[in-house]
Amino acid sequence: ALAAQVRTFTGPGQTADGHRVELLANVGDPAASKAAAAAGAEGVGLFRTEFAFLDRDEAPSIDEQVAAYRQVFAAFADRKVVIRTLDAGADKPMPFLAGDGEVNPALGVRGLRTAAQHPDILEDQLTAIARARAAESADVWVMAPMVSTVDEAADFVAACARHGLDHAGVMVEVPSAALMAGPILAHATFASVGTNDLVQYTMAADRLLGAVAHLSVAWQPAVLQLVAATCAGAAAQGRPVGVCGEAAASPALAAVLVGLGVTSLSMTPRALADVAAVLASVTYDECRRLAGLALAASSAADARATVRGELPVLV
Ligand code: PEP
Ligand code: MG
């Protein structure tokens with residue numbers, strides 16, 4: 001019933017002149033992966049695994065995790081599934097990992113930083129991912145949230161390699177990771193920009209706080225400059241960059257992201273058809289021109305108005 005409400009997208013995603021852009025789905029549990037497959041997503045660009053850990057007194061067993069991950073991999077047989085390791089902390093608190101009364105949880109032990117204090121949780125999760133992958137045919141990529149240094153990236157990639165997981169990447173959600181994308185991607189095989197957090201950390205604006213919502217906009221030229229820096233660093237290493245934050249679901253912004261050099265966009269399945277339609281209406285050169293206009297704007301409102309004014313399909 002849920003799938004029927006979603007306008008089906010028939011891929012593949014591409015610009016008017018055939019420049020490929022993978023259009024992928026964000027999924028938060030096995031049921032969502034079935035709806036995403038029904039909506040026509042080419043794959044999964046962000047499989048959030050927090051659902052398996054929420055509302056529990058302790059971490060799920062390896063077997064429980066394998067069973068859950070297999071369902072998502074099975075829904076995307078022979079297709080790409082990017083699974084993210086646990087992103088606990090800040091806006092996703094986990095009782096059994098209680099960060100000891102941190103004053104600034106968004107700047108504290110969250111995402112991959114949790115692994116330094118609870119190495120067993122990452123180890124078990126990578127074990128479960130490797131087992132689930134061996135049992136299914138999906139093309140499984142693994143990525144870590146909240147990476148902020150080259151060393152963190154290198155350690156994560158090495159941990160994945162010990163489990164036979166060779167497609168190991170990082171989320172770029174912190175300005176330091178965007179600025180260090182080149183050296184980070186000398187280790188990691190791909191990057192995925194999490195614009196929700198990248199906006200939060202670039203603008204110093206809590207993503208959950210209404211009073212600063214006017215700052216929390218992915219059209220901010222500063223944020224777009226960091227996406228451009230990520231793409232430049234990745235290009236130097238020959239690595240792909242995706243976007244899996246909410247920005248990817250905005251059709252006009254999607255065209256800008258493609259123009260900045262992003263090669264896949266991952267979003268809520270209901271956005272796929274609209275994003276695909278706008279991309280099909282512009283050439284890659286036009287996307288690059290739009291990206292240049294957005295980068296040169298002096299405000300988020302300016303960037304958005306200028307780009308939207310240039311996209312007849314939106315007018
Ligand atoms: C993001 O930060 O953009 C992202 C995709 O991750 P989450 O929203 O789960 O923090
Ligand atoms: Mg995030």
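How many strands close into the barrel, and in what order do they come? Before I answer, please keep in mind that what we are looking at is a predicted model. In this model 8 strands close into a barrel, and they follow the order β1-β2-β3-β4-β5-β6-β7-β8, with parallel pairing. If you go from one strand to the next, the twist averages 30°.

Let me take one pair of neighbours as an example. Strand β3, which covers residues 80–84, pairs with strand β4, which covers residues 139–144, and the two are joined in the parallel sense over 5 bridges. Within this pair you can find Val82 standing opposite Trp141 of β4.

Helix α9, made of residues 221–237, lies across β5 (168–172), β6 (191–193) and β7 (241–243), and its direction is at about 170° to that of β6.

Next, the ligand. Which residues are around ligand 1? They are Leu46, Arg48, Asp87, Glu173, Gly194, Thr195, Asn196, Asp197, Cys244 and Gly245. Two elements give two or more residues to this shell, namely β2 (44–48) and α8 (195–203), and of the elements it is α8 that gives the most, with 3 residues. Sorted by class, the shell around ligand 1 holds 2 nonpolar, 4 polar and 4 charged residues.

Finally, I would like to look at how some of the helices meet one another. The axes of α12 (residues 284–296) and α13 (residues 300–309) come within 8 Å and cross at roughly 155°. Because angles over 145 degrees count as roughly antiparallel, α12 and α13 are roughly antiparallel to each other. Their crossing is right-handed. On the α12 side the residues are Leu290, Leu293 and Ala294, and these meet Ala303, Thr306 and Val307 of α13; by class, this contact has 5 nonpolar residues, 1 polar residue and no charged ones.

The contact is made by Ala255, Val256, Val258, Gly259 and Leu260 of α10 together with Cys287, Arg288, Leu290, Ala291 and Ala294 of α12. These residues divide into 8 nonpolar, 1 polar and 1 charged. If you look back at the α13 contact, you will find that Leu290 and Ala294 of α12 are named there, and that they are also named in the contact with α10.

Definitions and conventions. Residues numbered from 1 in each chain as written. Chains lettered and ligands numbered in written order. Predicted model: local features only at pLDDT ≥ 70, side-chain atom pairs only at ≥ 80, totals over all residues. Pairing = 2+ DSSP bridges. Helix = DSSP H or I, 4+ residues; strand = E, 2+ residues; numbered from the N terminus. Axes fitted to C-alpha atoms, helices over the stretch in contact; angles between N-to-C directions. Contact = placed C-beta atoms within 7 Å. Near = placed C-beta within 6 Å. Nonpolar A, V, L, I, M, F, W, Y, C, P; charged D, E, K, R; others polar. Parallel < 35°, antiparallel > 145°, perpendicular 65-115°, else oblique. Left-handed = near helix turned anticlockwise from the far one by under 90°.
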